[in-house]
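This report concerns the domain arrangement and selected backbone features of the structure shown below.

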There are 2 protein chains.
Amino acid sequence: MAADPILVIGGGPAGLAAARGAAEVGSDVILVEQRDRLGGTPISAGYSGFTPFFKDAESTMNEMAASASSHPRVTTHLETTVRALTGAAGDFTVTLDRAGSGEERVRVGGIVIATGFDHFDPGKATQMYGYYEFPDVITLVDAERMLKAKTFVRPSTGQPPERVCFVQCVGSRDRRIGNEYCSKVCCGVATKEAIEIREMLPDCRVTIFYIDMRMYGFWENQLYWKAQEQSKVTFIRGVITEILPKNGRLVVKGEDTTMGRPVEVPMDVVVLSVGMVPSKGTIEVGKVLGVLQEKHGFIETPGAPLDTVSTSVPGIYVAGAAAGPKDLEDSVSMAGLAAMKAVAAARQAPAPVA
Amino acid sequence: MAADPILVIGGGPAGLAAARGAAEVGSDVILVEQRDRLGGTPISAGYSGFTPFFKDAESTMNEMAASASSHPRVTTHLETTVRALTGAAGDFTVTLDRAGSGEERVRVGGIVIATGFDHFDPGKATQMYGYYEFPDVITLVDAERMLKAKTFVRPSTGQPPERVCFVQCVGSRDRRIGNEYCSKVCCGVATKEAIEIREMLPDCRVTIFYIDMRMYGFWENQLYWKAQEQSKVTFIRGVITEILPKNGRLVVKGEDTTMGRPVEVPMDVVVLSVGMVPSKGTIEVGKVLGVLQEKHGFIETPGAPLDTVSTSVPGIYVAGAAAGPKDLEDSVSMAGLAAMKAVAAARQAPAPVA
């Protein structure tokens, strides 16, 4: 008797990797995505290129989506959310709400939560960076969209900027708003974007203001050295406290902590490196499935560091940024482990009643 | 007809997770380890506790080893190395060299390389830190061994130190020796050890000299805030250029780059935060299996970031620090993906001739 399928919730990088992987080891997979297409945040937010290799985000995600959804063992339901759960590992019954066809119950042996993150809303930062006041204050995501469109301009004028800066840790490492954690990817993403801006606009000066540049592992070679030496991006360790309009530009004020002196420099575009917060989908799915969530709403993994994917409920696993700040490599690696454990849960459980 | 087993090379965290995972989805596994026991570097190097939760390393690895090797689908060969490879994905023939029983050929459908890393030899650092000259200059690994033995002392006197410092990035981010990469885990490990030293020796002052503190993700909460606020560890952004003996202590010289002034402080113990280099096993196995290795000898993963484990040879995958600097979470997550892909390779290939 065949084991029940596994359910993968979320069609971004982690969910697609989990679905494809489980199918390749012979498990049937039900893949549900609340949006009307697969690809996750890289598609919905309009990412340009992936960190660290600048790989085109849209075509890469389309390939991943096709690879997962075209597998004969994978059944994909778009515009579908998870409403309820009963049963236990190896024999769950999940109620899905499918746009156009209403509620439907499915039996699954294991579950992978891959519901991702949202970008931090810079209006909630402790520092008043004026995101909602000044059109030339944008986020990493806004910058991605422009880079994808191959036109990096000052939003207020439509003209190419002469000076651009990035302000790191907006919504991360900020205890006053309760986000003490580091969002892990923003140093890499900002540096990748800085390199892209310099390639697109060779006369534009690009500066990154940071607390610690967290270019862990090989990102050091792939991005940090490249940005400094080839792209001449300036990295300044410092704290930016204010962004104010002046003479048609923005003045960025703060402190250069290495030089021990105040910074006050005019900029045409300021990019806020917004961090990760749990997505609404992550918070909701966590509640529906009854798994423990840490205080911000990310899904808890009590077995970490040696089990990165098991949640507090046997048979339910998590992959990617639903479990906290994760980079793409983390997400697809976790997807492999989560899918494998979900398949094992489905197979090792008592065979369901036919 | 059953698929061929998969071969997992290396019995550390990544290899054990891969072996157990593959067995749980129904694959037979041959697990080979060159040492005479399982557990990998955490055991052979005598780690005390794991980053970030201080989980006891020896008992944790023993549990992982038992969990993998006790599975009926896992066959473990200790004191065994890989000598040769023929065939292709789904139908490899691997020559093993087993201590006591000589060479043996096995047929496997897929392979997971989990051969790990070595600790950087501080004698090879650009800066002359005196590791081989001054007994009170030790490494992160020496410190782990003392912490495991519950006795943190000055090696030269056997007495508890009053002042201890960590020097980060020894052998990492150092282009002059060719290790440009960041070793990823040393910031976390040093901070974990600093907390442990402060708990063991409440009167000992502990300082960490760093370039960037890379406490990515939740390590920020789990270690960095804790070290500063609860354990009163001092973090100084600076560059240490010399360590010299003076009046029976060590004098650490360099620059506090935040304060913009020279540092010259006496210390009883200096801990060099040595980074990761490819293990000899990784370099050798890479050659025997014919997979591409990057210039330092780590195994290449050409599909990164969206495929973290596929090597240049179909059917051969890599997990953990054999692929570059990885933390424990990376290692076990990659193990899941690598094992799943290896199982899929074994199953999807043409069935072997009986």
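The model is predicted: local features need pLDDT of at least 70, side-chain atom pairs count only at pLDDT 80 or more, and totals for chains, interfaces and linings use all residues. Residues are numbered from 1 along each chain as its sequence is written, chains are lettered from A and ligands numbered from 1 in the order in which they are written, and side-chain values use heavy atoms, with hydrogens and water left out.

Chain A consists of domain 1 (6–116 + 279–348) and domain 2 (120–275), the bounds coming from an automatic or database domain assignment. Their C-alpha centres are separated by 31 Å. To the contact (heavy atoms within 4.5 Å), domain 1 of chain A gives 18 residues and domain 2 of chain A gives 23 residues. About 1700 Å² is buried between the two domains of chain A, with 58% of it on carbon and sulfur atoms; buried area is the accessible area (1.4 Å probe) that two parts lose on being put together, summed over both. Of the area that domain 1 of chain A buries against domain 2 of chain A, 32% is supplied by Ser48(A), Thr51(A) and Phe54(A), more than by any other three residues.

Three salt bridges are counted between domain 1 of chain A and domain 2 of chain A, each being a side-chain nitrogen of Lys or Arg within 4 Å of a carboxyl oxygen of Asp or Glu. Asp330(A) and Lys184(A) form a salt bridge through their side chains, at 2.8 Å, N to O.

**Backbone features**

Lys184(A) lies in the loop between β12 (163–170) and α5 (186–200) of chain A; helices (H or I, at least four residues) and strands (E, at least two) are DSSP runs, numbered from the N terminus. Lys184(A) is buried, at a relative accessible area of 8%, where buried means under 20%, exposed over 50% and partly exposed in between (1.4 Å probe, protein chains only). Its phi is positive, near 75°, in a residue other than glycine. In chain B, Cys169(B) likewise has a positive phi, about 60°, without being a glycine. Cys169(B) belongs to strand β12 (residues 163–170) of chain B and is buried, at 19%.

| Peptide bond | Omega |
|---|---|
| Ala304(A) to Pro305(A), cis | near 5° |
| Thr51(B) to Pro52(B), cis | near 5° |

Pro305(A) sits in the loop between α7 (280–289) and β19 (316–318) of chain A.
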